[in-house]
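Dear colleague,

I am handing over the structure that we discussed, with notes on what was found in it. Please read the notes with the coordinates open beside them.

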Amino acid sequence: MLVMFVVGVITYQLLFSPLLKYPKAEMRLDKSLLITFGLVWIIDNLETLFWTPNSRVVITSYGNGTVNIFGVAISYTGLIGMGLAILAAATLHVILTRTYFGKHVRAATEDAGAASLSGVNVQLTYMISCGIAVALAGLAGVVIVTSYSITPGGGIVWLLTAMVVVTLAGTNNMNYMIPAGIILGVIQSVSTLLVNPAYQQPIALIIFLLIIMFRPQGLFSRGKRLA
Amino acid sequence: LIAIYWKKISISGVVLAVMIFVPLFINLGTGIMNQLVTLLIYILLAQSWNLIGGYTGQINLGIAAFFGCSVMVTHFMWVAGISIVISVLVGSLSTIILAALIGIPTLRLKGMYFAVGTLALAQALQVIMQNIFNRAIFTRGDYVQSFNINYRYYLGLVLVVIVLTAIYFIRRSKLGQALVAIRDDEQAAQVMGVNTFKYKVISLLISAFIAGLAGSLYAYFRLYFYYTGDIFSLNWTFSAVIAVIIGGGGTLLGPVLGSIFLVILGYIFSLTLGQANLIVFGLLFILVMLFMPQGFMGGADLFRSWLSRWRKRTLKNRESNI
């Protein structure tokens, strides 16, 4: 995770800080989207080049073990993943709501200009939050690798899953990420019973479209509507 | 009118004449003809992305979905014995349904919803199609026997010329003005009374139609598809984006230049570097994005302004010498 944090900071410094010269937030968003898209491309192909495009798994000694909780068998890896997720979410929540850094982040999101006028180092805040985001993605990768097979180029699938969860919860709505994730996971798992397991991703897309059409502010937010 | 634009018209006329007559009289060989058809496909794809990304400023990461949809429809219509012109039209029109499906919900919202929605559409379609058509698809045997690369080439040339002129006139119409206004400042455009949502959807539909043209050309060009997921793969989207960004988004000739660059360099690099050629393009893409956001066309403008400044300076020097 620390390594991934450093990677995130470096990525920010190299790729995203040049974008700050664009005056408008939308423009920055567009450019950073395209740049990360290019980055995905490069890293995917590097992985293919170095480790061949075959699927791989990490086999752990506890990978097949399960634990019985109230008659439901849960694998250790799933349990560890859940614990890590709750831990990470709780830590992030504390950081964002209880520290000055969190205040800076929220201020920079709402109005970068005003935040920097009131003495927030917006650059540094962006950099550290980018680092934290990449580190969390790395943590998710660790959890994924113990329970799924991985391929180069398989990252996009998880990216889309993450996006669907964010849309479900509503952007800027940290507290509901876990329920949203659980809802999506349950829908996808139940759908494997009803239709072909291969269609998990189309189902995520359909959920995404439905949410966007009917509740673009997310399932849980009671506040103002978007757009 | 002709007096003003005689330079542009004559240059494009010469280029067009070369493109038409050289393959008629000189046998270029199948290899080069294949590369030329690929180039035409890339130009179409790049123009499609240019319209929605370069002129309208909406990041579309799902070109592959429109492309692949059109490939499938055109392929099956053509194999069923319907003439290729009709199958090209129907295949391209079929993408419009897809575009409306994804565009109408996502384009209403700001931010990354459109990009993510289109990306998800492409990925989902790839999975679905891979599961439905899990075997290789072939054209009919008699089509294989009568295969002639020149037909593909001229069909592609006609499509490219139509699309380029269409985009030229769109840019100069009210629609084009609205699109550029949306790109430059969506809020301001809305305040001025432009129905931004309507124009964004129209732009997406036209763009999807052009991507569909590229797809149907590909369906006509290829005889078999071993792996159906391939025609929906991210590569197509990435090629389109990279051609537009390198060439210069929001210009008519930028994507054409970018595609030429992409095809030629791709040809050279895939021979010399093998697998690593895709990484080179990724690096190039990011570098252009960061340091030359206007692409080649912007670079040409910079060069031109530098040249005129230099000329002025030398003139001044001469005057002061006299």
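To begin with the interface, 45 residues of chain B are in contact with 41 residues of chain A, contact meaning heavy atoms within 4.5 Å. The two chains bury about 4000 Å² between them, 79% of it on carbon and sulfur atoms, where buried area is the accessible area (1.4 Å probe) that two parts lose on being put together, summed over both. Between chain B and chain A the count of salt bridges is zero, a salt bridge being a side-chain nitrogen of Lys or Arg within 4 Å of a carboxyl oxygen of Asp or Glu.

Please bear in mind that this is a predicted model, in which local features need pLDDT of at least 70 and side-chain atom pairs count only at pLDDT 80 or more, while totals for chains, interfaces and linings use all residues. Residues are numbered from 1 along each chain as its sequence is written, chains are lettered from A and ligands numbered from 1 in the order in which they are written, and side-chain values use heavy atoms, with hydrogens and water left out.

Chain A has nine helices and two strands, taken as DSSP runs numbered from the N terminus (helices H or I, at least four residues; strands E, at least two). From the N terminus on, these elements run α-α-β-β-α-α-α-α-α-α-α.

Within chain A, helix α3 (residues 76-98) and helix α6 (residues 122-147) pack at an angle of about 170°, with their axes 9 Å apart; the axes are lines fitted to C-alpha atoms over the stretch in contact, and angles run from 0 to 180 degrees between N-to-C directions. α3(A) and α6(A) are therefore roughly antiparallel to each other, a term for angles over 145 degrees, with under 35 counted as roughly parallel, 65 to 115 as roughly perpendicular and the rest as oblique. The residues making this contact include L84(A) and A88(A) of α3(A), and L136(A) and L139(A) of α6(A).

In chain B, T237(B) lies in helix α11 (residues 234-247) and is buried, with a relative accessible area of 0%, where buried means under 20%, exposed over 50% and partly exposed in between (1.4 Å probe, protein chains only). Not counting residues up to four places away in sequence, T237(B) touches F37(A) as well as N60(B), L61(B), G62(B), I63(B) and A64(B).

F114(B), found in helix α5 (residues 113-132) of chain B, also counts as buried, at 2% relative accessibility.
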